[in-house]
Amino acid sequence: MHPVLQLVVQRLALGLILLLACSAVIFLGVEALPGDTAQAILGQSATPQALENLRMKMGLDQPPLTRYFQWLGGVLTGDLGTALTNGADIATSIGQRLGNTLFLAACAAAISVPLAIILGLIAARHAGKWQDKLISGITLTTISLPEFVAGYFVIFLLTQDNWLTQGIGWLTGGSGRLLPVAMVFPGMGFWERLNAVILPVIVLVLVVLAHMMRMTRAAILNVMQSAYIETAELKGLSPMTVIWRHAFPNAIAPVVSVVMLNLAYLVVGVVVVEVVFGYNALGQYLVDHVTKRDLPVVQAVGLIFAAVYIGLNMLADVIGILANPRLRHPK
């Protein structure tokens, strides 16, 4: 077997094992949540007999190990179960909201990834100068803010009539202000949906931009110490040409890794942002059912988040292998 194919197969096998371990951790974590599901559904006035009957109907009277393997078997066959609170099919409900989460993450990634790489290149080109200090200072300030603080800060700035909102009429159809709630619904056109998610996209870009920019800068500066970079400089090439043509291609592996990690965050870590802006997607769906202690929904959404995170990390490993000649030809 070719060494590259062997490494890819190993990464895939490790990813599947890790996902299986995550499923067990998710199941145990949900089981450890305080409260009684039957009590949460029937209310405080429910009789002990009614509670016992509901637990038997939902299978909560069975041992946890039995319920785990039943749940895992259903997942392997594509059956995520039904929600305890309303009886809706979980796979259908998740499918309706997953598209909204992916749309939000894609919009944020389309802005943050190229912007982070460009800013990283500029910071590396002017390392130690005022341009580098300005870019690093602004991005480190934004990453220091928790998502909910950044969300409310953006809402305060861009939903009021002030000098910042004077130039965004082209985004708001001439109203001059953005809505603080990201309302989306089936049947919305692309531009209407894009206009609705402007504020959460801004917050996500602010949150993930600094990490990618700093890693790009660090990777390029590390490569700039190589002998072939000095040779390119002695040939009379401009500093930006040296960075773009020689340093950046050889620094692509760590940059891709950090980009994939942040893409995973954009899908998995948007729960707070979705709740702040009332965005109807997986994060909001998860929070709503955690408060109701709807265990099958929490387990299903948690497993999907884990699968996305592990999948993107595996993709980063594979791209890193293909981009690194020493890994492609280990001998």
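What separates Tyr68 and Trp71 in helix α4 (residues 64-76)? The two residues are 3 apart in that helix, and about one helical turn therefore lies between them. Helices here are DSSP runs of H or I with at least four residues, numbered from the N terminus.

The model is predicted: local features need pLDDT of at least 70, side-chain atom pairs count only at pLDDT 80 or more, and totals for chains, interfaces and linings use all residues. Residues are numbered from 1 along each chain as its sequence is written, and side-chain values use heavy atoms, with hydrogens and water left out.

**Aromatic residues**

Keep Tyr68 and Trp71 selected. Tyr68 is buried, with a relative accessible area of 10%, and Trp71 is buried at 9%. Buried means under 20% relative accessible area, exposed over 50%, and partly exposed in between (1.4 Å probe, protein chains only). The ring centres of Tyr68 and Trp71 lie 6.2 Å apart with planes at 50°, so this pair is tilted. Rings of Phe, Tyr and Trp (its six-membered ring) pair if their centres lie within 6.5 Å; planes under 30 degrees apart count as stacked, over 60 as edge-to-face and the rest as tilted.

With Phe27 included, Tyr68, Phe69 and Trp71 form one aromatic cluster. The structure holds 4 aromatic pairs.

**Nonpolar cores**

Select Leu204, Ile220, Phe277 and Tyr279, the residues with the most contacts inside the largest nonpolar core, which has 55 residues. Such a core is a set of buried Ala, Val, Leu, Ile, Met, Phe, Trp, Tyr and Cys residues joined through side-chain atoms within 4.5 Å. Helices that each supply at least two residues of this core include α5 (90-125), α10 (198-223) and α13 (252-268). Apart from this core lies another, of 22 residues, among them Ile26, Val30, Leu286 and Leu303.

Return to Leu204. Leaving aside neighbours within four places in sequence, Leu204 is in contact (heavy atoms within 4.5 Å) with Leu104, Ala108, Tyr265, Leu266, Val270 and Val273.

**Cysteines**

Finally, select Cys22 and Cys107. Cys22 is partly exposed at 22% relative accessibility, whereas Cys107 is buried at 14%. With a disulfide defined as a pair of cysteine sulfur atoms within 2.5 Å, the count comes to 0 disulfides.
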